[in-house]
Amino acid sequence: MPEIQPFRAIRYNPETAGDAAKLICPPYDVISRELQQQLNDSSPFNAVRLELPVEADPYTASAERLHEWLKNGELLRDAEPAFYPYSQTFTDREGNTHTRCGFFAAMRLHEFAEKKVLPHERTLSGPKADRLNLFRKTRTNISSIFGLYADEEGVADRLVADYAETSEPLLDAVFQGVRNRLWRIGDPELVAGIRQALAEKSVYIADGHHRYETGLNYRRERAEANPEHTGNEPYNFILVYLNNIYDKGLVVFPIHRLVHSLGDFDASRLRGRLEEHFTVTALDGRAGLKAYLEAATSSYAYGVVTPGSVLGITLKGDPAELLDREIAPALQQLGLVVLHEVVLARLLGIGQEAMAKQSNLVYVKDDGEVFEAVETGKVQVGFVVKPATVGQVLAVSESGGVMPQKSTFFYPKIMTGLVFNPLD
């Protein structure tokens, strides 16, 4: 594993900042404008005021506010470095309760070519420019990336869990139905044991690709500007939440595709073209589609929703016969790759640039939003997909490939406002 270090986190002072449930927020990329305003209004110290301020110059506003809160005592910096165990307990759509457990650390940044930190998704230039401006102004990791490691024996997990079970949490807050609890491990021997247990593991980025690449860019900037650069300065590290892929609480949801603004779209013509490559089944609404996808054993099964029509489609043959030979075998196993390459690109004519810019494509996490968007005429067609498995994510990462953007949604998101990581 890349070097992980305990760090002196900046945390909220519960005596002056108030109720933790009104202080934490999701990461910037899942905060709508409406939620941004709600969070901003919920407390004068909500973390959204650092992560995604409403001001015209959000970066300066965040930096000034961070300094002010530290000065006035709403934020405190821990005196000694530590790891910070973090658990999230939630109920899924089927009514099952899960608890995902991991911990926050400072992780050394490595270029992807070094194969110590492995991505699985493409990134976009816009979010990276935005986050880089925030890094420059605040000189702080406001929100964490989400990293996975594979440890079937779960040695580090047991060390962290045993500590949490016998200690009172620093923070216990429910946000949007998810219970968030945070602890602090400062014992040097326990910290060393956790580091040793994970020393030989790779890290796979589950969420936060843009923030990680921003961390690399920021490190380059700081190193070039520092004639005494050693490689051990805080800006060589990034705030990471680490979780074992064998954690039973690790849940991956799908992200569905909505297509809009195609000049010559015709639903009946699309169905005819789909029948060339897929077995097409007419279904009875949302419930019928849900049953169809749950019963499908193929990774290449999808729902297609158009006005007045719900279809289930499953690829007839070998995906390798339809995909470019340059696409790695690990990627060929992904349903989303076939959807993007065959259906979106070839049948609907949406090119890679249009996908990257989201000119004709919108992403949603709830299949109910797909049906609503089609019924209200906001989009022309919606594609409901099955979730990628953690195993598929790791296989793609290890192959050196990248999945289409917005391929995975690890639920719940790692909350912002639990710990902040200073880069000075």
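Strand S14 (residues 256–259) and strand S18 pair in the antiparallel sense over four bridges. Strands here are DSSP E runs of at least two residues, helices are H or I runs of at least four, and both are numbered from the N terminus. Two strands count as paired if DSSP finds at least two bridges between them. Within this pair, Arg257 stands opposite Tyr363 in S18.

Before going on, a word about the model: it is predicted, so local features need pLDDT of at least 70 and side-chain atom pairs count only at pLDDT 80 or more, while totals for chains, interfaces and linings use all residues. Residues are numbered from 1 along each chain as its sequence is written, and side-chain values use heavy atoms, with hydrogens and water left out.

**The sheet and its helices**

S14 and S18 belong to an open sheet of six strands, in the order S15-S17-S16-S19-S14-S18, with antiparallel pairing. Which strands form its edges? They are strand S15 (278–282) and strand S18 (361–364), each of which pairs on one side only. On average, neighbouring strands are turned by 25° against each other, direction ignored.

Helix H12 (residues 335–347) packs on this sheet, and its direction makes about 15° with that of S14. Helix H14 (residues 367–375) packs on the sheet too, touching S14, S16, S17, S18 and S19, and its direction makes about 165° with that of S19. For these angles, axes are lines fitted to C-alpha atoms, for helices over the stretch in contact, and the angles run from 0 to 180 degrees between N-to-C directions.

**Two nonpolar cores**

In soluble globular proteins, nonpolar side chains tend to be buried together. A nonpolar core is a set of buried Ala, Val, Leu, Ile, Met, Phe, Trp, Tyr and Cys residues joined through side-chain atoms within 4.5 Å. Buried means under 20% relative accessible area, exposed means over 50%, and partly exposed lies in between (1.4 Å probe, protein chains only).

Which residues touch the most other members of the largest core? Of its 50 residues, these are Tyr12 and Phe104. Leaving aside neighbours within four places in sequence, Phe104 has contacts (heavy atoms within 4.5 Å) that include Phe7, Tyr86, Leu182 and Val419. A second, separate core has 44 residues, among them Val251, Ile313, Ala354 and Leu361.

**Salt bridges**

A salt bridge is a side-chain nitrogen of Lys or Arg within 4 Å of a carboxyl oxygen of Asp or Glu. By this rule the count comes to 19. Here are some of them:

| Salt bridge | N to O distance |
|---|---|
| Arg65 and Glu55 | 2.6 Å |
| Glu94 and Lys290 | 3.5 Å |
| Arg139 and Asp424 | 3.5 Å |

Arg65 counts as buried because its relative accessibility is 13%, whereas Glu55, at 32%, is partly exposed.

Why does the pair of Glu94 and Lys290 tie together parts that are 196 residues apart in sequence? Glu94 lies in the loop between strand S4 (84–91) and strand S5 (97–108), whereas Lys290 lies in helix H10 (residues 285–295). Glu94 is exposed, with a relative accessible area of 52%, and Lys290 is partly exposed, at 40%.

Arg139 lies in the loop between helix H5 (125–138) and strand S7 (140–141), and Asp424 in the segment after strand S21 (421–422), so this pair ties together parts 285 residues apart in sequence. Arg139 is partly exposed at 36% relative accessibility, and Asp424 is partly exposed at 48%. Elsewhere, salt bridges that share partners join Arg11, Asp78 and Arg184 into one network.
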